Amino acid sequence: LVLGVAVRGFRERSSAERRATALAAARDEHAREAVAEERARLARELHDVVSHSVAVMIVQAEAGDVLLDDDPARARSALRSIAASGRDALLDLRRLLGVLRAEEGAAALGPQPGVGAIESLLDDVRAAGLDVDLAVEGRPEPLPVALDLSAYRIVQEGLTNVIRHAGGARARVTLRYEDGRLGVEVSDDGHAPASPAGAAGRGLIGVRERVALYGGEVEAGPRADGGFTLRAVLPLDRSPA
């Protein structure tokens, strides 16, 4: 009897230890996945902030260099635009670093941008020489904060591609509200694709990751009549996965 009780106790302890080990392994795996997801999110934000700002500043610097002798006033305007782009990038980077460091008061650096800030974004790229307009179709409605930021970043990435790869092109940004979805489209009439053939740039990878979080759809590719189109559809009733 004593031996039976001892064996049963040993088996129960062994079973409890196996369950505890399995639970610990599951917690570790969940923690690794959470860290990987957060790193991917921060990588997307860092890429979008730095890539766009640097692309705009390069175009403005090149324009200023060309205008320096013949049109000093416009050259000075380009320099002021470079300074403004740099300040905006620095503010975004400080905000991102504040999140990384979990500093108190980081939120005081300002809210994350959303579709309401797209017109300001267009002003920045116009100052860099890009001819771009904005069309809003359907009835705008309030967006969840994370989705609002994602829509802004998609537009930002699309415009960054136009600046980099379709110099001299005219671009159009379209926001389309319909059937519980937000369509975001950036197209241009340039003569070169806005992404190297056969290669998915980091920015477009980031766009696909953002949209996938909401179970949305992404299309990106050259247009039949020339130029390039980036199109994303985001369901408005879905939280990030």
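## Salt bridges, a helix and a hairpin

Reader: Which side chains meet in a salt bridge at 3.0 Å, N to O?

Author: Those of R126 and D123. A salt bridge here is a side-chain nitrogen of Lys or Arg within 4 Å of a carboxyl oxygen of Asp or Glu. This is a predicted model, where local features need pLDDT of at least 70, side-chain atom pairs count only at pLDDT 80 or more, and totals for chains, interfaces and linings use all residues. Residues are numbered from 1 along each chain as its sequence is written, and side-chain values use heavy atoms, with hydrogens and water left out.

Reader: Where do R126 and D123 lie?

Author: Both are in helix 3 (residues 118–127). They sit 3 residues apart, about one turn of the helix. Helices (H or I, at least four residues) and strands (E, at least two) are DSSP runs, numbered from the N terminus. An α-helix has 3.6 residues a turn, so residues three or four places apart point the same way.

Reader: What is the relative accessibility of R126?

Author: R126 is at 32%, so it counts as partly exposed. D123 is partly exposed too, at 43%. The cut-offs: buried is under 20% relative accessible area, exposed is over 50%, and partly exposed is in between (1.4 Å probe, protein chains only).

Reader: How many salt bridges does a search of the whole structure find?

Author: The search finds 10. One of the pairs is R170 and D131, at 2.6 Å, N to O. R170 lies in strand 2 (residues 170–178) and D131 in strand 1 (residues 131–137), so the pair ties together parts that are 39 residues apart in sequence.

Reader: What about R172, which side chain does it meet in a salt bridge?

Author: R172 meets D133, at 3.3 Å, N to O. R172 is in strand 2 and D133 in strand 1, so this pair also ties together parts 39 residues apart in sequence. Salt bridges that share partners join D131, D133, R170 and R172 into one network.

Reader: Are R170 and D131 buried or exposed, or what in between?

Author: Partly exposed: R170 is at 38% relative accessibility, and D131 is at 40%. R172 is at 38% and counts as partly exposed as well.

Reader: New topic. What should helix 4 span?

Author: Helix 4 (residues 145–165) has 21 residues and should span 30 Å at 1.5 Å a residue. The expected span is 1.5 Å times one less than the number of residues. The end C-alpha atoms of helix 4 are 30 Å apart, which agrees.

Reader: How many residues of helix 4 are buried?

Author: 17 of its 21, so helix 4 is mostly covered.

Reader: Now strand 4 and strand 5. How many bridges join them?

Author: 6 bridges join strand 4 (residues 217–222) to strand 5 (residues 228–235), and the two run antiparallel. Two strands pair if DSSP finds at least two bridges between them. V218 has A232 in strand 5 as its bridge partner.

Reader: What do the two strands form?

Author: A hairpin, with 5 residues between the strands. In the turn, G226 has a positive phi of about 100 degrees.

Reader: And T229, buried or exposed?

Author: Buried, at 10% relative accessibility. T229 lies in strand 5. Leaving aside neighbours within four places in sequence, its contacts (heavy atoms within 4.5 Å) include E185, V186 and E219.

Reader: What does V233 touch?

Author: Not counting residues up to four places away in sequence, V233 touches R181, L182, G183, V211, G216 and E217. V233 is found in strand 5 and counts as buried at 18%. The C-alpha atoms of V233 and V218 are separated by 6.6 Å, with the residues 15 apart along the chain.
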